[in-house]
Every structure is written in structure tokens, then in C-alpha cells.
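Please find below a colleague's note on the model under discussion. It is set out as numbered points, to be read alongside the coordinates.

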Amino acid sequence: LLKYLSKQNEIFLIQFIESEDEKQYLPMITPYCDIIEIVPYFLPTSVAKIKDVALKILEPRRFLSSIMASKIKDAILKWKPDLVHAELPMMSHYAEAIGSIPKIIASHDAISLSAFKKINASLNPIQKLKWYILYKQRRGIESSYFPLFDACTVVSDEDKNFLEKHCHNLRIEVIPSGVDVDFFNPNTNQDDECSEPIIGFFGTMSYYVHVDAALFFCSKIFPLIKEKFPNLKFYIVGRKPPSAISRLSN
């Protein structure tokens, strides 16, 4: 997104950074930004993880930072941007700091929809209760903060239709996820080791939606394709896979 927008725009990027290790990636985006400001947002230590889980359930505005709000206000006064792009739902809390300048919230998904689906999918009553609380929290974020923006973007009609139920006066645009087909082109990268047909599934494998999709593909779809392509291989690539995914290698 930065690469594309930087062709015709000046980019002032303000972002959270979760660890010192993440700073090594800043040079990769520096060519596309005129200025980059970072705000520390450190993940909890192992001792604080239980408190962090409780905070996620009880406090919808846990990403509010006085430093972030201050940097946003200073940048707007100094740069007077034509547009402010807020990335991901939790950044919608900064609508007030952004002020009256035209602004977009890029939600990607309707986060309340994923929680709603999890309520119905969970068999454990405690899990159901947890996801119900998260559903109400996320719906509250969307209905309270998203309408403060001039527009919201999501990746599918399903997300748009769900958001419209509780964000009545919000302009919502569907922008499907895209792939750089020139960069991710198998025909330009083939060697002897990649001569067999391969299907790749990429995603954070601790995310239940990705787990469900990978398991469904392996059980219902992959066997049908293997009938026509016996040498086909399937790679699941992503961090923190649960045991249900790890066992598939057997």
C-alpha cells in the first residue's frame, strides 16, 4: 500500500512498534515514506500475559496511547495532510486526535463478525461467554468510532453487509485482497527442487479462521485434487500452528 501510494503522494507514517527487533524492518519501508515516527507498544512478558488476556476482554480501548495521540496531532498541524489513513480497527480510537481532516478507517474485516461466528462455533460455555463479550466489545468499537470516519474499507461483501447493520451512516467500500502477481510469479522462480506441483497456504496459524480453512482443505478438497495430480504437495506456512495443524505433517 505504501509503495503504491508513494508514487503520487508524500507519506507521513506513524506506527506502533511491538519490540526492538521490529526496528530491523524499518529500512524496507523507508524508501516509500517521507517521515516515519514510531511509538513503542511492547507486548507483555510471560508474567503479565494473564492480565493482558483479561485486558483484551474488558478494555476495548487498550491501544489508546497519549504518545500516539500527541504525534498524530503534531503531524496534522505540521503537515496538514489531505487524507489520514488509519490501519486496522483499534486505530479508530484516534478519530478525535485526527480531527476534521478527511479520514479513512481500513478495517479489513468486520471484527465483530469473526467474534459472532466464534460464538456459534464454540462448544465450551466459557469460550462462548468470552466470545460473546468480545463480540459486544468489537461491535461497540465499530458502531461508536467507525462512523467518525468519512469512509471504511473492508475486503468482502460479507463484512460490509454485517457492518451496515450497526454502522448505518457509514460509507463502506469493498476492496478485495490483492496479490502482486509479478513478484509472486512461480514461472520466474522455478528450479529443479520446485518442479513438482505445490499448493501453499500462508497465514498466521494461531488464527482460528486460518486453522479451520486449512483443516477443511486437507480433509475435503486436497484428496480430490490428489486424484488428478498424485505428486501434488501442500505446504502450510505460518507461525504458532496448533497441534491439529502440526499433526497434518504425519
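The points that follow cover the basis of the model, salt bridges, helix packing, backbone geometry and the surface.

1. Basis of the model. The model is predicted, so local features need pLDDT of at least 70 and side-chain atom pairs count only at pLDDT 80 or more, whereas totals for chains, interfaces and linings use all residues. Residues are numbered from 1 along each chain as its sequence is written, and side-chain values use heavy atoms, with hydrogens and water left out.

2. Salt bridges. Side chains of opposite charge can pair when their charged atoms come close. A search of the whole structure finds four salt bridges (a side-chain nitrogen of Lys or Arg within 4 Å of a carboxyl oxygen of Asp or Glu). Among them is the pair Glu-37 and Lys-71, whose closest N and O atoms are 2.8 Å apart. Glu-37 belongs to strand E2 (residues 35-40) and Lys-71 to helix H4 (residues 66-79), so this bridge ties together parts that are 34 residues apart in sequence. Helices (H or I, at least four residues) and strands (E, at least two) are DSSP runs, numbered from the N terminus. Glu-37 is partly exposed, with a relative accessible area of 26%, and Lys-71 is partly exposed at 25%. Here buried means under 20% relative accessible area, exposed over 50%, and partly exposed in between (1.4 Å probe, protein chains only).

3. Further salt bridges. Lys-23 meets Glu-20 at 3.1 Å, N to O; Lys-23 is partly exposed, at 34% relative accessibility. Glu-173 and Arg-171 also meet in a salt bridge, at 3.0 Å, N to O. Of this pair, Glu-173 is partly exposed at 33%, while Arg-171 is exposed at 54%.

4. Helix packing. How are helix H6 and helix H7 arranged? Helix H6 (residues 111-121) packs against helix H7 (residues 125-145) at an angle of about 160 degrees, the axes being 8 Å apart. Axes are lines fitted to C-alpha atoms, for helices over the stretch in contact, and angles run from 0 to 180 degrees between N-to-C directions. H6 is therefore roughly antiparallel to H7 (angles over 145 degrees). The crossing of H6 and H7 is left-handed, a term used if the near helix is turned anticlockwise from the far one by less than a right angle.

5. Backbone geometry. Most residues other than glycine have a negative phi. Leu-88, which is not a glycine, has a positive phi of about 85 degrees. Leu-88 sits in the loop between strand E3 (84-87) and helix H5 (95-98) and is partly exposed, with a relative accessible area of 44%. His-108, also not a glycine, has a positive phi of about 65 degrees. His-108 is found in strand E4 (residues 103-108) and is partly exposed at 30%.

6. Nonpolar surface. Val-179, Val-181, Phe-183 and Phe-184 make a nonpolar surface patch of about 490 Å². Patches of this kind consist of residues with over 30% relative accessible area and no salt bridge, nonpolar side chains (Val, Leu, Ile, Met, Phe, Trp, Tyr) being joined within 5 Å. Phe-184 lies in the loop between strand E6 (172-174) and strand E7 (198-202) and counts as exposed at 57% relative accessibility.

7. Helix H9. Ala-213 is placed in helix H9 (residues 208-228) and is partly exposed, at 32% relative accessibility. Ala-213 and Phe-201 are twelve residues apart in sequence and 9.3 Å apart in space, C-alpha to C-alpha.

Note on methods
Patch = residues over 30% accessible without salt bridge, like charges linked within 9 Å, V, L, I, M, F, W, Y side chains within 5 Å. Areas by Shrake-Rupley, 256 points an atom, 1.4 Å probe, with all protein chains shown as cover. Parallel < 35°, antiparallel > 145°, perpendicular 65-115°, else oblique.
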